Amino acid sequence: MEKIEELKRKIEKLKKDRNAIILAHNYQLPEVQDVADFVGDSLELARRATKVDAEVIVFAGVDFMAETAKILNPDKIVLIPNKRATCAMANMLKVKHILEAKKKYPNAPVVLYVNSTAETKAYADVTVTSANAVDIIKKLNSDVIIFGPDKNLAHYVAKVTGKTIIPVPPEGHCYVHKKFTIEDVERAKRLYPNAKLMVHPECNPEVQEHADIIVSTGGMIRRACEWDEWVVFTEREMVYRLSKLYPNKKFYPAKEDAVCVGMKAITLQHVYESLRDMKYEVTVPEEIAEKARKAIERMLEMS
């Protein structure tokens, strides 16, 4: 504990010395969340990144999030504390998948989940998060949408909007959310009979069907006030975030091993070393950044 407190003090000093701000995702380790200036979901972090006065942004999240921050802040230094902090789902989508889908559906807009690489975002008409995907796709003047890379979010959007959603790649998924099964639903109801189920839309359709609410992590925070006990079907660390915000309510992880390895690649030590040594700087080629920026900014305008 003493080491953690010492690291926190050093980080606070370095933040002042570097004129830096730390942004962290809800899935980060508790001690990393605790040193962040702002903690949120992908949409909240994207919005926050546009309002940063600091010269340096330390992004405690996975690489596509840090890329988004850099795209929105081309004149700032953006650091990711560990190069191993990557998103397996984002890496499933390749440019060739988008081009192949466009050949089949030339008039369909390309909507990409922000959980995608900067390279693929450059081919998007607009990006979305799990928090705003339904609203944005409803507003698009097309009944057929090319959507990547998460097929479960695509399923959810199709069900709510009634539009034809073409998932690219066909089997894109988050390995953490794919872990949740009907057995987990049944166990949750048996162990916590007074609890309601909050389910992330990256979960499998059969799990979504048993949810009391289907929401992004930001939505979970906003709606947790509606009930006293919740079983949380998303990455395990979301329970820490919710418990901190609502200390008088009860939150239970649907699975203790629902852990995102990419998110957990960043430790407090990594954050300290990142600020101390100004590593690792995130760069996005300008020709890619310029195209991707349009898709991200359109999302922010439509949200």
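The structure is a predicted model. Four strands form an open sheet in which the pairing is parallel, and their order is S2-S1-S3-S4. Strand S3 receives particular attention below, as it is largely enclosed by the rest of the structure.

**The sheet as a whole**

- Strands of a sheet pair through backbone hydrogen bonds, in either a parallel or an antiparallel arrangement.
- In this structure the four strands follow the order S2-S1-S3-S4, with parallel pairing.
- Strand S2, covering residues 38–40, and strand S4, covering residues 77–79, are the edge strands, and each of them pairs on one side only.
- On average, neighbouring strands of this sheet are turned by 20° against each other, with direction ignored.
- Helix H15, made of residues 268–277, packs on the sheet and touches S1, S3 and S4.
- The direction of H15 makes an angle of about 150° with that of S1.

**Strand S3 and its neighbours**

- Five bridges link strand S1 (residues 20–25) with strand S3 (residues 56–60), and the two strands pair in the parallel sense.
- Within this pairing, Ile21 has Ile57 of S3 as its bridge partner, while Ile22 stands opposite Val58 of S3.
- S3 is also joined to S4 by three bridges, and these two strands run parallel.
- Val56 has Ile77 of S4 as its bridge partner.
- A right-handed β-α-β unit is made by S3, helix H4 (residues 63–72) and S4.

**Burial of strand S3**

- Five of the five residues of S3 are buried, and the strand is therefore largely enclosed by the rest of the structure.
- Both faces of the strand are covered: on one side lie the buried residues Val56, Val58 and Ala60, and on the other the buried residues Ile57 and Phe59.

**Contacts involving aromatic rings**

- The structure has three aromatic pairs.
- One of them is formed by Tyr246 and Phe251, whose ring centres are 6.3 Å apart.
- The planes of these two rings make an angle of 50°, and the pair is classed as tilted.
- Tyr246 and Phe251 are both buried.
- Another kind of contact involves Lys196, whose charged end sits over the ring of Trp227 at 4.1 Å from the ring centre.

How values were computed
Residues numbered from 1 in each chain as written. Predicted model: local features only at pLDDT ≥ 70, side-chain atom pairs only at ≥ 80, totals over all residues. Heavy atoms only, no water. Phe/Tyr/Trp six-rings, centres within 6.5 Å; stacked < 30°, edge-to-face > 60°. Buried < 20%, exposed > 50% of the residue type's maximum accessible area, 1.4 Å probe, protein only. Lys NZ or Arg CZ within 6 Å of the ring centre and 35° of its normal. Pairing = 2+ DSSP bridges. Axes fitted to C-alpha atoms, helices over the stretch in contact; angles between N-to-C directions. Contact = heavy atoms within 4.5 Å. Right-handed = clockwise from strand over helix to strand, strands pointing away.
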